[in-house]
Amino acid sequence: MALTEFPPQLSEQEMKDNRVPVAWRDRCAALLVPLNKCRRETGFLPWKCSQLRHDYEECEYMDFKRRVAEYKENQQ
């Protein structure tokens, strides 16, 4: 499943409740919560949560591209 838009953002309270580290509290935190839950439930076996990990990494890449485009736009 290819992401075409960012998932709905979690509130600060939801991030605290799900113990999302401060460094990872961004637009993709809503995908990190189920990924971390899957990792804990499967003993951190890398092949068990591969689709969730792929979705999260794709979201992070899309966010990176958005920030680069925003930076370039502000430089002009």
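Reader: How many disulfides does a search of the whole structure find?

Author: Two. A word on the source: this is a predicted model, where local features need pLDDT of at least 70 and side-chain atom pairs count only at pLDDT 80 or more, while totals for chains, interfaces and linings use all residues. Residues are numbered from 1 along each chain as its sequence is written, and side-chain values use heavy atoms, with hydrogens and water left out.

Reader: What makes Cys 28 and Cys 59 a disulfide?

Author: The rule asks for a pair of cysteine sulfur atoms within 2.5 Å. The sulfur atoms of Cys 28 and Cys 59 are 2.0 Å apart, so the pair qualifies. The pair links distant parts of the chain, 31 residues apart. Cys 28 is in the loop between α1 (12–17) and α2 (29–41), and Cys 59 is in helix α3 (residues 50–75). Helices here are DSSP runs (H or I, at least four residues), numbered from the N terminus.

Reader: Which hand does the link of Cys 28 and Cys 59 have?

Author: Left-handed, with -90 degrees about the S-S bond.

Reader: How do you know whether Cys 28 is buried or exposed?

Author: Buried means under 20% relative accessible area, exposed means over 50%, and partly exposed lies in between (1.4 Å probe, protein chains only). Cys 28 has 0%, so Cys 28 counts as buried. Cys 59 also has 0% and therefore counts as buried.

Reader: What joins Cys 38 to Cys 49?

Author: A disulfide, with S to S at 1.9 Å. Cys 38 is in helix α2, and Cys 49 is in the loop between α2 and α3, eleven residues apart. Cys 38 is buried, because its relative accessible area is 14%. Cys 49 is buried too, because its value is 5%.

Reader: Why is the disulfide of Cys 38 and Cys 49 called left-handed?

Author: Because the torsion about its S-S bond is about -90 degrees.

Reader: What is the pairing of the bonded cysteines in sequence order?

Author: The pairing is 1-4, 2-3.

Reader: What makes Arg 27 lie over the face of Phe 6?

Author: A charge sits over a ring if NZ of Lys or CZ of Arg is within 6 Å of the ring centre and within 35 degrees of the ring normal. Arg 27 lies over the face of Phe 6, at 5.3 Å from the ring centre.

Reader: Why is Asp 63 called buried?

Author: Because its relative accessibility is 4%. Asp 63 lies in helix α3. Leaving aside neighbours within four places in sequence, Asp 63 is in contact (heavy atoms within 4.5 Å) with Phe 6, Asp 26 and Arg 27.

Reader: What joins the side chains of Asp 63 and Arg 66?

Author: A polar contact of 2.9 Å. The term needs a pair of N or O atoms within 3.5 Å; within protein, one must be able to donate a hydrogen and the other to accept it, and residues adjacent in sequence count only if both atoms are side-chain atoms.

Reader: What makes a set of residues a nonpolar core?

Author: The members are buried Ala, Val, Leu, Ile, Met, Phe, Trp, Tyr and Cys residues joined through side-chain atoms within 4.5 Å. The largest one here has 15 residues, and Val 20 and Tyr 56 have the most contacts inside it. The largest share of this core, six residues, comes from α2.

Reader: Why does Pro 7 count as buried?

Author: Because its relative accessibility is 16%. Pro 7 lies in the segment before α1.

Technical notes: Helix = DSSP H or I, 4+ residues; strand = E, 2+ residues; numbered from the N terminus.
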